[in-house]
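Please read them alongside the displayed coordinates.

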Amino acid sequence: MVGDGHRPQSRTETPGQIFARAFRELVPHSAVPGFDVEFRPFAKLRSTIRFDASTERMRVRLSDLLETAPAEVLAGLAELLIGRLYGKKAPTPARKAYRRWVNSPATERRILEAARTRGKKHMRPPAGRVHDLDALFDSLNERYFDAALRKPRLGWSVRASRRTMGNYDRAHDAIVVNRKLDDRDVPIVAVEYVLFHEMLHVRHPVRWRRGRRIIHPPELLADERRFDGYEEAREVLLSL
């Protein structure tokens with residue numbers, strides 16, 4: 001855990017000094033508060049900031065994955081967090097520096113490892129009230145992948161979501177489908193389409209191009225259109 005008084009060798013400023021400098025740049029007409037910056041072993045690349053009225057200091061909690069990040073990356077994150085707190089947009093170079101570091105393959109590997117070793121994947125069993133994801137996976141695998149796609153963990157989400165219909169968690173190698181779809185009133189074509197889309201993420205892993213992470217490469221989008229009932233399924237999901 002590193003605070004104001006500890007200085008990583010790769011930086012000439014302490015984390016607290018970096019945040020204070022970002023504050024001066026974004027909020028130039030206000031007194032600069034003290035910053036208490038700590039690195040914590042979060043399961044995700046999590047960052048929080050809040051003003052503690054009792055001490056009149058800023059409390060910053062950062063993932064320990066950032067502990068050895070270059071100064072410009074920490075400065076970029078500082079401007080993003082302070083900007084969010086004060087309703088100001090961080091400068092473009094700051095945003096780019098931070099996101100370039102986050103999206104780098106090396107950082108991505110560290111984030112996945114932290115999620116895998118520190119976090120837990122909460123999901124319901126694949127056999128739902130109406131649909132069995134195991135059986136649906138096997139059917140889709142046979143129809144579209146010649147039964148050659150490896151099967152990750154499968155399950156229904158613990159809570160229903162309005163927006164996310166499904167996701168593939170690479171850290172835990174798990175496909176989770178929104179439990180909202182486990183309903184007799186939801187056409188099976190929509191359930192299969194969501195599961196099929198997440199199966200394509202298993203087939204087409206995330207890639208990097210010019211420092212940017214490509215989650216939906218062209219090959220994935222092309223394969224997605226092979227799904228029988230593609231348009232119908234999308235219309236159903238839009239109506240939910």
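1. R40 has S63 in β3 as its bridge partner. The model under review is predicted. The pairing of β1 with β3 is parallel and comprises 7 bridges.

2. On the β2 side, β3 (residues 57-63) is joined to β2 by 6 bridges in the antiparallel sense. Within this pairing, F51 lies opposite M58 of β3. The two strands make a hairpin with 4 residues between them, and E56 in the turn adopts a positive phi of about 55°.

3. Taken together, these strands give an open sheet of 3 strands, ordered β1-β3-β2, with mixed pairing. Because β1 (34-40) and β2 (47-52) each have a single partner strand, they stand at the edges, and one side of each lacks a neighbour in the sheet. From one strand to the next, the twist averages 15°.

4. Helix α1 (residues 15-26) packs on this sheet, where it touches β1 and β3. The direction of α1 makes about 130° with that of β1.

5. How many of the 7 residues of β3 are buried? The number is 5, so β3 is largely enclosed by the rest of the structure.

6. A separate point concerns H172, which is located in the loop between β5 (166-169) and β6 (174-177). H172 counts as buried because its relative accessibility is 17%, under the 20% cut-off. Leaving aside residues up to four places away in sequence, H172 touches A115, R116, G119, K120, K121 and R153.

How values were computed. Residues are numbered from 1 along each chain as its sequence is written. This is a predicted model: local features need pLDDT of at least 70, side-chain atom pairs count only at pLDDT 80 or more; totals for chains, interfaces and linings use all residues. Side-chain values use heavy atoms; hydrogens and water are left out. Two strands pair if DSSP finds at least two bridges between them. Axes are lines fitted to C-alpha atoms, for helices over the stretch in contact, and angles run from 0 to 180 degrees between N-to-C directions. Contact means heavy atoms within 4.5 Å. Buried means under 20% relative accessible area, exposed over 50%, partly exposed in between (1.4 Å probe, protein chains only).
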